[in-house]
Amino acid sequence: GIPEITFVLFQCMFAVITPGLIIGSFAERVKFSGFLFFTVLWSILVYNPMAHFVWGGGWLQQMGAIDFAGGTVVHINAGISALVMALMLGSRSDYKSGHPTSPHQIPYVFIGAAFLWLGWFGFNAGSAFAANGTAGYAWVSTSAATAAAMLSWGFTEKIRTGHYTAMGAASGIVAGLVAITPAADVVSPLWAIVLGAIAGVLTCLACGLKFKLGYDDSLDVVGVH
């Protein structure tokens with residue numbers, strides 16, 4: 001129901017953001033030229049096949065896989081690839097396991113998370129390919145899950161460390177957005193809240209795995225995705 005070129009560009013948006021997620025796990029360890037080379041190869045050898053497996057009648061979709069807006073194609077795909085790259089490249093020279101590196105400008109991080117939340121409506125609601133009830137349903141579910149994950153991450157952080165942090169809230173936002181993406185069109189707003197709340201707790205705990213297992217995931221891409 002939309003022009004083919006519009007659909008092509010919309011799909012390119014998914015393809016271009018996924019390497020942007022992956023690089024968060026091995027930031028500060030590759031040259032920009034190296035990342036561009038990786039992006040071209042990874043897009044052809046990993047992303048494109050996965051997209052065709054899950055969407056457009058691919059074999060995973062035929063097996064019953066539900067992925068409304070990229071939960072498998074973008075996020076699980078990015079999380080696994082991020083782990084592989086972090087292991088292959090090793091840790092940063094100044095990295096100390098168990099001692100997280102705080103960002104230089106936390107307000108910028110939070111502003112970025114807010115923009116991400118806004119932009120995610122383009123992913124999830126836009127995956128309805130129309131301004132219809134499905135788009136509205138996905139929009140509401142996306143906000144509900146994200147808000148719940150932000151709060152549940154904060155509560156988990158409070159229990160573990162004794163305080164809430166803005167960084168934790170930003171990470172919770174991303175966790176909720178990731179969790180609701182594959183099912184934004186099929187879960188009710190109430191169940192979206194439940195899903196987001198669970199995701200906030202699990203991802204908060206999962207981000208600590210890098211300290212136990214010894215890999216350097218710069219921006220917690222593996223833990224969140």
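Predicted model: local features only at pLDDT ≥ 70, side-chain atom pairs only at ≥ 80, totals over all residues.
Buried here means under 20% relative accessible area, so R29, with a relative accessible area of 17%, counts as buried.

R29 pairs with D216, the closest N and O atoms being 3.8 Å apart. This pair links distant parts of the chain: R29 is in the loop between helix 1 and helix 2, whereas D216 is in the loop between helix 9 (209-213) and helix 10, 187 residues apart. D216 is tucked away too, with a relative accessible area of 1%. A further salt bridge brings the side chains of E28 and R92 together at 3.0 Å, N to O. E28 lies in the loop between helix 1 and helix 2 and R92 in the loop between helix 4 and helix 5, so this pair ties together parts that are 64 residues apart in sequence.

The structure holds 4 salt bridges. Another one of them joins K210 to D220, with the closest N and O atoms 2.8 Å apart. Here K210 belongs to helix 9 and D220 to the loop between helix 9 and helix 10, 10 residues apart. Both partners are buried, K210 with a relative accessible area of 8% and D220 at 19%. Salt bridges that share partners join E28, R29, R92 and D216 into one network.

On to the helices. Helix 1 (residues 4-22) has 19 residues and spans 28 Å from its first C-alpha to its last, close to the 27 Å expected at 1.5 Å a residue. Its buried residues are F10, F14, T18, P19, L21 and I22. An α-helix has 3.6 residues a turn, so residues three or four places apart point the same way. The buried residues of helix 1 pack against helix 2, helix 4 (71-89), helix 5 (106-124) and helix 10 (221-224). Take P19, which is found in helix 1 and is buried with a relative accessible area of 2%. Not counting residues up to four places away in sequence, P19 touches F35, T39, W42 and S43. P19 and F38 are 19 residues apart in sequence and 8.7 Å apart in space, C-alpha to C-alpha.

L45 is part of a nonpolar patch on the surface, formed with F37, V40, L41 and I44, and the five have about 520 Å² of accessible area together.

Helix 7 (residues 166-180) is another story. Helix 7 has 15 residues and reaches 22 Å from its first C-alpha to its last, close to the expected 21 Å. Of those 15 residues, 12 are buried, so helix 7 is largely enclosed by the rest of the structure. The buried set includes G168, A169, A170, S171 and G172. What covers these buried residues includes helix 4, helix 5, helix 6 (133-161), helix 8 (189-206) and helix 10. G168 itself is buried at 3% relative accessibility. Leaving aside neighbours within four places in sequence, G168 is in contact with W153 and E157. G168 and S152 are 16 residues apart in sequence and 10.0 Å apart in space, C-alpha to C-alpha.

Helix 4 holds H75, which is buried at 4% relative accessibility. Beyond its neighbours within four places in sequence, H75 is in contact with L21, G70, W120, V178, T181 and H225.

F129 has a positive phi of about 60° although it is not a glycine. F129 lies in the loop between helix 5 and helix 6 and counts as partly exposed at 36% relative accessibility. As for the cysteines, the structure holds 0 disulfides. C204 is in no disulfide, and the nearest cysteine sulfur, that of C207, is 7.0 Å away. C204 counts as buried at 5% relative accessibility, while C12 is partly exposed at 42%.

Definitions and conventions. Residues numbered from 1 in each chain as written. Heavy atoms only, no water. Helix = DSSP H or I, 4+ residues; strand = E, 2+ residues; numbered from the N terminus. Buried < 20%, exposed > 50% of the residue type's maximum accessible area, 1.4 Å probe, protein only. Contact = heavy atoms within 4.5 Å. Patch = residues over 30% accessible without salt bridge, like charges linked within 9 Å, V, L, I, M, F, W, Y side chains within 5 Å. Areas by Shrake-Rupley, 256 points an atom, 1.4 Å probe, with all protein chains shown as cover. Expected span 1.5 Å × (residues − 1). Disulfide = S-S within 2.5 Å.
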